Amino acid sequence: MKSVQIIFFLTCFVYIYSGCKGQKPFGENFLVEQTTIAMPGIKGRIDHLDVNLKEKIVFVAALGNNSLEIVDIVKKKVLHSIKGLDEPQGVAYIPQQQEIFVANGGNGDCYFYNAHSYEKTATIHLSSDADDVRYDSTNEKIYVGYGDGGIAIIDARQHKQIGDIKLSAHPEGFQLDKKLNKLFINVPDVHQIAVADLNSSKLITTWSTGEFRSNFPLAMDNTHHYIFIGYRHPSKLVLMNEETGAILSTADLVGDVDDVYFDVSTQKIFASGGGGFISIYQWQKSTIKQVANITVRNGARTSLLIPSLSLFILAERASQNAEAQLRVYKII
């Protein structure tokens, strides 16, 4: 084996092992596995997920497969696969229109589909790398991170771009705090967290990530106005005050983190990453304490929290010996 290959594999080992400092599994009682749902033939990386709550259907952006998988979590099967996409990354369900919105990283196109016939109803072209998506159901606006630095604002009913927030580099995870009328955005390439005003679509301020790097996922406590940032270098979960940008607490985190969620009812934070664990934390009195580290398949980076159903769904990509699947847990 060439020395370069040896160095590569050692680097990968150290990187994954460093997440949660190589912890052993614990706290398995916080999640009870209900079922697994196979997604046969789905290859490569799986990106973001969303849900049609009324019909209990989960939409899975199968980036490496260039498809969107429509999965019924009651019938426990894939209902349909929308093929021919170009690296789908973000997805949102629009209940008022009964449409699915898909953001493609490859060509920058964003597609609307009828949620029942799966026919394409509209296309919005962004410059490149259409990525993470958030839907504001009250105002019927879709927010899409894209390109070398922008958040596109799209009218979900009119299928039209109506605004744009300019950033200094490509955005990753972001969240809306409608009480504060602000948007909080991870911009890892310039080591920043950007804060924008939702009314003016302008930046208010930026906060440096300091010693932390690769801030990808971001979750929010809208009641107390705190944000939870997931970093990959080092693997840390960082709690910040939304109004001041002050860091209040940190904790070790699963390696290669890609999704972080805050569950209001249990006051817990859930994180998934490629390092082979689901990390769970208890949030109390401005501190975050890890209470669980649950073993899952390596490379299972993305997930979906469904608070109203008390479900946590993990997307496990296909491996050499196992097909892609959704692993469905009940939150205890």
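**View 1. Burial of Tyr226 in the predicted model**. Tyr226 has a relative accessibility of 14%. Because buried means under 20% relative accessible area, Tyr226 counts as buried. Trp283, at 6% relative accessibility, likewise counts as buried.

**View 2. The aromatic pair of Tyr226 and Trp283**. A search of the whole structure finds 10 aromatic pairs. In the pair formed by Tyr226 and Trp283, the ring centres are 5.1 Å apart and the planes stand at 75°, so the arrangement is edge-to-face. Tyr226 belongs to strand β19 (residues 226-233), whereas Trp283 belongs to strand β24 (residues 277-284). The pair therefore ties together parts that are 57 residues apart in sequence. Tyr226 and Trp283 also belong to one aromatic cluster, together with Phe228 and Phe262.

**View 3. The aromatic pair of Tyr261 and Phe312**. These two residues form an edge-to-face pair, with 6.5 Å from centre to centre and 80° between the planes. Tyr261 lies in strand β22 (residues 257-263) and Phe312 in strand β27 (residues 311-316). The pair links distant parts of the chain, 51 residues apart. Both Tyr261 and Phe312 are buried.

**View 4. The charged end of Lys120 over the ring of Tyr111**. The charged end of Lys120 is placed 3.7 Å from the centre of the Tyr111 ring.

**View 5. The charged end of Arg134 over the ring of Phe174**. Here the ring belongs to Phe174, and the charged end of Arg134 sits over this ring at 5.5 Å from its centre.

Methods. Residues numbered from 1 in each chain as written. Predicted model: local features only at pLDDT ≥ 70, side-chain atom pairs only at ≥ 80, totals over all residues. Heavy atoms only, no water. Phe/Tyr/Trp six-rings, centres within 6.5 Å; stacked < 30°, edge-to-face > 60°. Helix = DSSP H or I, 4+ residues; strand = E, 2+ residues; numbered from the N terminus. Buried < 20%, exposed > 50% of the residue type's maximum accessible area, 1.4 Å probe, protein only. Lys NZ or Arg CZ within 6 Å of the ring centre and 35° of its normal.
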